[in-house]
Amino acid sequence: MFRGKKYQESVKKIDKNALYDTGDAMKLVVETATAKFDETVELHVKLGVDSRHADQQVRGAIVLPHGTGKTQRVLVFAKAAKADEAKAAGADYVGEMDLVEKIQKENWFDFDVVVATPDMMGVVGRLGKLLGPKGLMPSPKAGTVTMDVTKAVNEIKAGKVEYRLDIR
């Protein structure tokens, strides 16, 4: 099979039998990149955990230092003062029951992340069957159910990424 010059030069830099630590591997990825745009790197890690056991669940969130390159559209369910805080923090949509009805009746999903205050979870719970399968349901573990909506919105806009155990 014929390969181009750039590909052949890149292959010479990689030792297939060597194990690279994270820093060296990332440097090697940058060195061997041939495209004229920012390429994507995908990481798969075999952890050896059993997802059927609750104590072996891997889940969390991290704020990336340089963001994801995409702007997230944030929907916040909050009342009064917290709603004003969310608007000031840069949330795209802020509301209460009006947004719940809009999602239920109009099937409106023009947002990427949902943040809610704990007092609004009773109302947001009605959307469980709609938001849950799409991965949009707010969760305290992911930091999307919080009283500090300003911090949550700022983190999401800065490039917060959630991760969890995926079964394959």
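Glu85 is partly exposed, because its relative accessibility is 29%. The cut-offs for that term: buried is under 20% relative accessible area, exposed is over 50%, and partly exposed is in between, with a 1.4 Å probe and protein chains only. Lys82 is partly exposed too, with a relative accessible area of 22%. The side chains of Glu85 and Lys82 meet in a salt bridge, at 3.7 Å from N to O. A salt bridge here is a side-chain nitrogen of Lys or Arg within 4 Å of a carboxyl oxygen of Asp or Glu. Both residues sit in helix 3, three residues apart, which is about one turn of the helix.

Some ground rules. This is a predicted model, where local features need pLDDT of at least 70, side-chain atom pairs count only at pLDDT 80 or more, and totals for chains, interfaces and linings use all residues. Residues are numbered from 1 along each chain as its sequence is written, and side-chain values use heavy atoms, with hydrogens and water left out.

How many does the rule give? The count comes to six salt bridges.

Take Asp112 and Arg73. Their side chains form a salt bridge at 3.1 Å, N to O. Asp112 lies in the loop between helix 4 and strand 4, and Arg73 in the loop between strand 1 and strand 2, so the pair ties together parts that are 39 residues apart in sequence. Asp112 is partly exposed at 29% relative accessibility. Arg73 is partly exposed as well, with a relative accessible area of 32%. There is also a network here: salt bridges link Arg73, Asp110 and Asp112.

Next, Lys157 and Asp92. In this salt bridge the closest N and O atoms are 2.9 Å apart. The pair links distant parts of the chain, 65 residues apart: Lys157 is in helix 7, residues 149-158, and Asp92 is in the loop between helix 3 and strand 3. Lys157 counts as partly exposed, at 33% relative accessibility. Asp92 counts as partly exposed, at 37%.

Now the inside. Which residues have the most contacts inside the largest nonpolar core? They are Leu75, Phe77, Ile103 and Phe111, in a core of 15 residues. Who supplies it? Strand 2 (74-77), helix 4, strand 4 and helix 5 (121-124) each give at least two residues. Helix 4 provides the largest share, three residues. For the term itself: a nonpolar core is a set of buried Ala, Val, Leu, Ile, Met, Phe, Trp, Tyr and Cys residues, joined through side-chain atoms within 4.5 Å.

Leu43, Val45, Leu47 and Val49 make a nonpolar surface patch of about 390 Å². Patches take residues with over 30% relative accessible area and no salt bridge; like charges are joined within 9 Å, and nonpolar side chains (Val, Leu, Ile, Met, Phe, Trp, Tyr) within 5 Å. The areas come from the Shrake-Rupley method with a 1.4 Å probe, and for residues only the protein chains shown count as cover. Leu47 is in the loop between helix 2 (22-32) and strand 1 (59-63). Leu47 is partly exposed, with a relative accessible area of 48%.

Glu96, Asp98, Glu101 and Asp119 gather in a patch of negative charge on the surface. Asp and Glu count as negative, Lys and Arg as positive; His and the chain ends are not counted. Each charge is placed at NZ of Lys, CZ of Arg, CG of Asp or CD of Glu. Glu96 sits in the loop between strand 3 (93-95) and helix 4 (97-106). Glu96 is partly exposed, at a relative accessible area of 33%.

Last topic: backbone angles. Most residues other than glycine have a negative phi. Which way does Ala80 go, positive or negative? Ala80 has a positive phi of about 40°, and it is not a glycine. Ala80 lies in helix 3, residues 80-89. Ala80 is exposed, at 57% relative accessibility. Asn107 also has a positive phi, about 55°, without being a glycine. Asn107 lies in the loop between helix 4 and strand 4 (113-116). Asn107 counts as exposed, at 52%.

How values were computed. Helix = DSSP H or I, 4+ residues; strand = E, 2+ residues; numbered from the N terminus.
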